[in-house]
Amino acid sequence: MFDSFNALRELTLLGVSLRVALALLCGGAIGIERAEKRRPAGFRTHILICLGAAIAAMTSEHLFLNMHYYLDVARMGSGVVSGIGFIGAGTIMVTRRQRVKGLTTAAGLWVVAIVGLCCGFGFYEGAVYTSMLVLIAEVFFSKLEYRLLRRTKEIALYAEYTK
């Protein structure tokens with residue numbers, strides 16, 4: 001980690017502002033790619049999830065450090081990670097042709113929630129680095145996948161049995 005960010009890792013007005021702004025930027029950068037592809041969860045959804053996770057992390061940290069409540073600081077974060085599964089499940093659909101769609105969006109929402117937690121806990125390097133890797137995976141690797149699989153034949157096999 002960069003030691004120059006240590007002053008910004010504290011829960012001051014400047015630190016909180018940086019955490020929220022970074023969550024907005026990271027969530028928005030990932031969300032805009034999903035919005036361009038017309039996916040169920042787009043720009044605003046990714047921003048809101050990232051911001052919500054960041055606020056949950058900061059609230060947990062504030063309760064422990066400033067309010068002196070005895071609590072597990074990671075508990076709110078674990079609630080975010082498990083709770084995002086319900087939102088992600090809403091983006092997954094099975095089409096009439098028995099194809100599953102929306103898995104990448106659901107996974108992206110899960111990652112955005114964790115990026116938000118990174119922002120909220122002051123782990124700026126992890127948030128930025130992960131956001132860049134997610135964008136690389138969604139933009140460049142999707143094109144690579146399309147090129148590799150465009151000539152692949154797909155065969156549907158149905159088997160019925162009586163017992």
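Apart from neighbours within four places in sequence, S142 is in contact with K37 and A137, where contact means heavy atoms within 4.5 Å. S142 is found in helix α5; helices (H or I, at least four residues) and strands (E, at least two) are DSSP runs, numbered from the N terminus. With a relative accessible area of 23%, S142 is partly exposed. On this scale, buried means under 20% relative accessible area, exposed over 50%, and partly exposed in between, with a 1.4 Å probe and protein chains only. The C-alpha atoms of S142 and T130 are separated by 17 Å, and these two residues are 12 residues apart along the chain.

The structure is a predicted model, in which local features need pLDDT of at least 70 and side-chain atom pairs count only at pLDDT 80 or more, whereas totals for chains, interfaces and linings use all residues. Residues are numbered from 1 along each chain as its sequence is written, and side-chain values use heavy atoms, with hydrogens and water left out.

Helix α5 also holds S131. This serine counts as buried, at 5% relative accessibility. When residues up to four places away in sequence are not counted, S131 touches C26, I30 and V115.

The protein as a whole contains five helices and two strands, and their order along the sequence is α-α-α-β-β-α-α. The radius of gyration of the protein is 19 Å, well over the 15 Å that the globule rule gives for 163 residues, so the protein is more spread out than a compact globule. In this comparison the radius of gyration is taken over C-alpha atoms, and the globule rule is 2.2 Å times the number of residues to the power 0.38. Along the principal axes, the C-alpha atoms of the protein fill a box of roughly 65 × 40 × 25 Å. Of the contacts in the protein with a separation of 6 or more, 62% are between residues 24 or more positions apart.

Burial was then examined. Buried residues make up 32% of the 163 residues in the protein. In soluble globular proteins, nonpolar side chains tend to be buried together. A nonpolar core is defined here as a set of buried Ala, Val, Leu, Ile, Met, Phe, Trp, Tyr and Cys residues joined through side-chain atoms within 4.5 Å. The largest such core has 23 residues, of which L22, I49, V80, V115, C119 and A127 touch the most other members. Two or more residues are given to this core by each of α1 (13-36), α2, α3, α4 (103-120) and α5 (124-149). Helix α4 gives the most, with seven residues. For V80, the contacts beyond four places in sequence are A53, A56, A113 and L117.

A further set of contacts involves T105 and A41. T105 has its place in helix α4 and is buried, with a relative accessible area of 1%. Not counting residues up to four places away in sequence, T105 touches R34, R39, P40, A41 and T91. A41 lies in the loop between α1 and α2 and likewise counts as buried, at 3% relative accessibility. Neighbours within four places in sequence aside, A41 is in contact with R34, H46, T91, T105 and L109.

The loop between α2 (43-65) and α3 (74-89) contains H68. The phi of H68 is near 60°, a positive value in a residue other than glycine. H68 is exposed, with a relative accessible area of 66%.

The mean positions of the 18 positive and 11 negative charges of the protein are 14 Å apart. Lys and Arg count as positive and Asp and Glu as negative, while His and the chain ends are not counted. The place of a charge is taken as NZ of Lys, CZ of Arg, CG of Asp or CD of Glu.
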